[in-house]
Amino acid sequence: MRIIVQRVTQAQVTIENKLQGAIKNGVVLLVAIKDSDTQKELDYLCRKILNLRIFEDADGKMNQSLLDIKGEILSVSQFTLYAKTRKGNRPSFTDAGAPAFANEMYQKLNDQLAISGLKVATGVFGADMQVALTNDGPVTIILDTEMD
């Protein structure tokens, strides 16, 4: 599983000019699933996302988590994070999970994050989406279960 975490002051996703989901202070997650991903990867990444200390404390140090600040989450599926670009100029997405499996895992991830009590807004799996955000910092973290 590969997830890009962006700290934001606001973000939204629209589909066909209709607002699908919006958040204020928190994180945008760009989520890619592989067919080999399991509940173990989901558990690890949920824990990591909720507890990653990327928000500033009173002293201006990145020392607070999403849970500490009661932040919000905008989760967007993005299979293109598994693009292979080594050969030619057209990316290959063969490492991305099969759509039915990836959608199931994406929904599980969002459900598991929501158990925390934080707001979790989402895009629509497989849809053509427009994501707008204000990256705060900027702070962008790559989580990859094959590299962590």
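Reader: Which exposed residues does the face of H1 turned away from its buried side carry?

Author: In this predicted model, that face of H1 carries Lys40 and Arg47, both exposed. The term exposed applies to a relative accessible area over 50%.

Reader: Which residues of H1 are buried, and what makes them line one face of the helix?

Author: The buried residues of H1 are Glu41, Leu42, Leu45, Cys46, Ile49 and Leu50. Viewed along the axis of H1, these buried residues fall within an arc of 145°, and they therefore line one face of the helix. Their cover includes strand E1 (2–15), strand E3 (26–32), H2, E6, H3 and E8.

Reader: How do you know that the span of helix H1 agrees with its number of residues?

Author: Helix H1 comprises the 13 residues 39–51, which at 1.5 Å a residue should span 18 Å. The C-alpha atoms at its ends lie 18 Å apart, so the two values agree.

Reader: Why is serine 65 called buried?

Author: Buried means under 20% relative accessible area. Serine 65 has a value of 4%, and is therefore buried. This residue lies in the loop between strand E5 (62–64) and helix H2 (66–69). Leaving aside neighbours within four places in sequence, serine 65 is in contact with Leu50, Asn51, Leu52, Arg53 and Phe55.

Reader: How many aromatic pairs does the structure hold?

Author: The structure holds two aromatic pairs. In one of them, the ring centres of phenylalanine 79 and phenylalanine 93 are 5.0 Å apart, with the planes at 75°.

Reader: Why is the pair of phenylalanine 79 and phenylalanine 93 called edge-to-face?

Author: Ring centres must lie within 6.5 Å to pair, and planes over 60 degrees apart count as edge-to-face. With centres 5.0 Å apart and planes at 75°, phenylalanine 79 and phenylalanine 93 therefore form an edge-to-face pair. Both residues belong to the loop between strand E6 (72–77) and helix H3 (99–114), 14 residues apart. Phenylalanine 79 is partly exposed at 49% relative accessibility, and phenylalanine 93 is partly exposed at 31%.

Reader: What makes the pair of tyrosine 106 and phenylalanine 125 tilted?

Author: Their ring centres are 6.2 Å apart and their planes stand at 45°, so the pair is tilted. Tyrosine 106 lies in helix H3, while phenylalanine 125 lies in the loop between strand E7 (120–122) and strand E8 (130–144); the pair therefore ties together parts 19 residues apart in sequence.

Reader: Are tyrosine 106 and phenylalanine 125 buried or partly exposed?

Author: Tyrosine 106 has a relative accessible area of 1% and is therefore buried. Phenylalanine 125, at 27% relative accessibility, counts as partly exposed.

Methods
Residues are numbered from 1 along each chain as its sequence is written. This is a predicted model: local features need pLDDT of at least 70, side-chain atom pairs count only at pLDDT 80 or more; totals for chains, interfaces and linings use all residues. Side-chain values use heavy atoms; hydrogens and water are left out. Rings of Phe, Tyr and Trp (its six-membered ring) pair if their centres lie within 6.5 Å; planes under 30 degrees apart count as stacked, over 60 as edge-to-face and the rest as tilted. Helices (H or I, at least four residues) and strands (E, at least two) are DSSP runs, numbered from the N terminus. Buried means under 20% relative accessible area, exposed over 50%, partly exposed in between (1.4 Å probe, protein chains only). Contact means heavy atoms within 4.5 Å. The expected span of a helix is 1.5 Å times one less than its number of residues. The arc is that of the directions from the helix axis to the C-beta atoms.
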